Amino acid sequence: MLQSAFVRKYLLPGFVFQSLIIAGGYGTGRELVEFFLNHGPLGGLLGMLLNTLIWSLVCAVTFEFARWAGVYDYRSFFRRLLGRYWFLYEICYLAMMLLVLAVIAAAAGSILEESFALPYALGVAAMMACVGFLVFKGTGTIEKFLSFWSFVLYAVYILFLAVALRNFGPDIRAALAGMEIGPRWYIGGIEYAAYNIGILPAALFCVRHIEARKEAIGAGLLAGPIGMLPGLFFYLAMAGRYPDILSRTVPASYLLGILGSRPLQYAFHLVLLGTLVETGAGMIHAFNERVAGVYAERSSAMPRALRPSIALLALVVASMVAQFGLTGLIARGYGTITYGFWLVFVIPVLTLGLWKLARRPATAPEAG
């Protein structure tokens, strides 16, 4: 699948970005309700369009800046962008990584317990093992898995929408034909873009395949739609149960219960488990690449055993956090860290980053 140069250069960055955001982005459907469907079926679609445009813009600039500077881990990237203040992003990233890992560890245990009647601890342990294996195997294996699972995800979400259209297609059309647009629909698009875009620098390890500016910009522009399309399929299915679905804690479970297809339920939950592994492996791998960059600066190689060791430590700490039931703290933490990402990443890359690219020197400046 990754043998094609087109896939490596133009599609892989989008697949990796989508893999990083899926677990916290729209895996349960609750996020799509909060940020989009609450503004009306049509208002939500407009918000999704705005969100996609923001993602594409930030991805295009970020990928081109990484290509131009020749930096493929977030530490090197921010040393080029922010100089001596690069560590501000790492503070936000490590906080987000811990929170996300805590959430997905708990989610993996809950899915296996509720859907497959397996022990909660087994779900947590299985996710930790899968993430650790991928991180140990390194970049090539992670790229292949994230790309493969993205195709699996698309297939299941398309199937999900097809079954929903068969069961309540007229309701979906009626909801969209109602032309309901909330007055603040654009806020949902902006907030959702902010909520997810902060971890984009974790995807830089796959940008090393890009060699030209047109490739970086093309990959960035495609990353927005690649990241949002599965969410669009899910959203259209949910629109068929508007407004009742607004009050459902887990819209995915509610819809699957209505559709009544056990094979679809198993397939959806299996895919969701895979997305948890994707997100966890991608975020930890990004930190490992940051550590490997330090070793490279010292003309040495990162010990291979250190990669799974870091993964194990991060997952154990995250699992401990999840056991304390800090749901409220995690929810508030997401919001706080989101603002931090905009201050230390989005605004700088769209201003200082563009300015540095506009100057277009032959080589990138030395890190501060």
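Where is the place of P243? P243 sits in the loop between helix 9 (213-239) and helix 10 (251-259). Helices here are DSSP runs of H or I with at least four residues, numbered from the N terminus. A cis peptide bond joins Y242 and P243, with omega at about 5 degrees.

This is a predicted model, where local features need pLDDT of at least 70, side-chain atom pairs count only at pLDDT 80 or more, and totals for chains, interfaces and linings use all residues. Residues are numbered from 1 along each chain as its sequence is written, and side-chain values use heavy atoms, with hydrogens and water left out.

**Loop residues with positive phi**

M179 is not a glycine, yet its phi is positive, about 55 degrees. M179 belongs to the loop between helix 7 (139-177) and helix 8 (185-197). S299 is also not a glycine and has a positive phi of about 60 degrees. S299 is placed in the loop between helix 11 (262-297) and helix 12 (306-323).

Are M179 and S299 buried or exposed? M179 is exposed, because its relative accessible area is 53%. S299 is exposed because its relative accessibility is 72%. The cut-offs are under 20% relative accessible area for buried, over 50% for exposed, and in between for partly exposed (1.4 Å probe, protein chains only).

**Helix packing**

Two helix pairs are set out below. Axes are lines fitted to C-alpha atoms, for helices over the stretch in contact, and angles run from 0 to 180 degrees between N-to-C directions.

| Pair | Axes | Angle | Handedness |
|---|---|---|---|
| Helix 7 and helix 10 | within 10 Å | roughly 55 degrees | left-handed |
| Helix 6 and helix 11 | 9 Å apart | about 45 degrees | right-handed |

A crossing is left-handed if the near helix is turned anticlockwise from the far one by less than a right angle, and right-handed if clockwise. Helix 7 and helix 10 are therefore oblique to each other. Helix 6 (residues 120-137) and helix 11 are oblique to each other as well. Angles under 35 degrees count as roughly parallel, over 145 as roughly antiparallel, 65 to 115 as roughly perpendicular, and the rest as oblique.

Which residues of helix 7 meet helix 10? F160, V163, A164, N167 and F168 in helix 7 face L255, L256, I258 and L259 in helix 10 across this contact (heavy atoms within 4.5 Å). By class, the contact of helix 7 with helix 10 has eight nonpolar, one polar and no charged residues. Ala, Val, Leu, Ile, Met, Phe, Trp, Tyr, Cys and Pro count as nonpolar; Asp, Glu, Lys and Arg as charged; the others, Gly among them, as polar.

In the other pair, helix 6 brings M127, C130, V131, L134 and V135. These meet L276, V277, G280, A281, I284, H285 and N288 of helix 11. The contact of helix 6 with helix 11 divides into nine nonpolar, three polar and no charged residues.

K9 is part of helix 1 (residues 5-25). K9 counts as buried because its relative accessibility is 12%. What does the side chain of K9 reach? The K9 side chain reaches the backbone oxygen of H209 at 3.1 Å. Not counting residues up to four places away in sequence, K9 touches H209, I210, E211, E215 and A219.

L232 lies in helix 9. L232 is partly exposed, because its relative accessible area is 25%. With residues up to four places away in sequence not counted, L232 touches L45 and M48. L232 and A102 are 130 residues apart in sequence, and their C-alpha atoms are 26 Å apart in space.

Conventions. Helices (H or I, at least four residues) and strands (E, at least two) are DSSP runs, numbered from the N terminus. A polar contact is a pair of N or O atoms within 3.5 Å; within protein, one must be able to donate a hydrogen and the other to accept it, and residues adjacent in sequence count only if both atoms are side-chain atoms.
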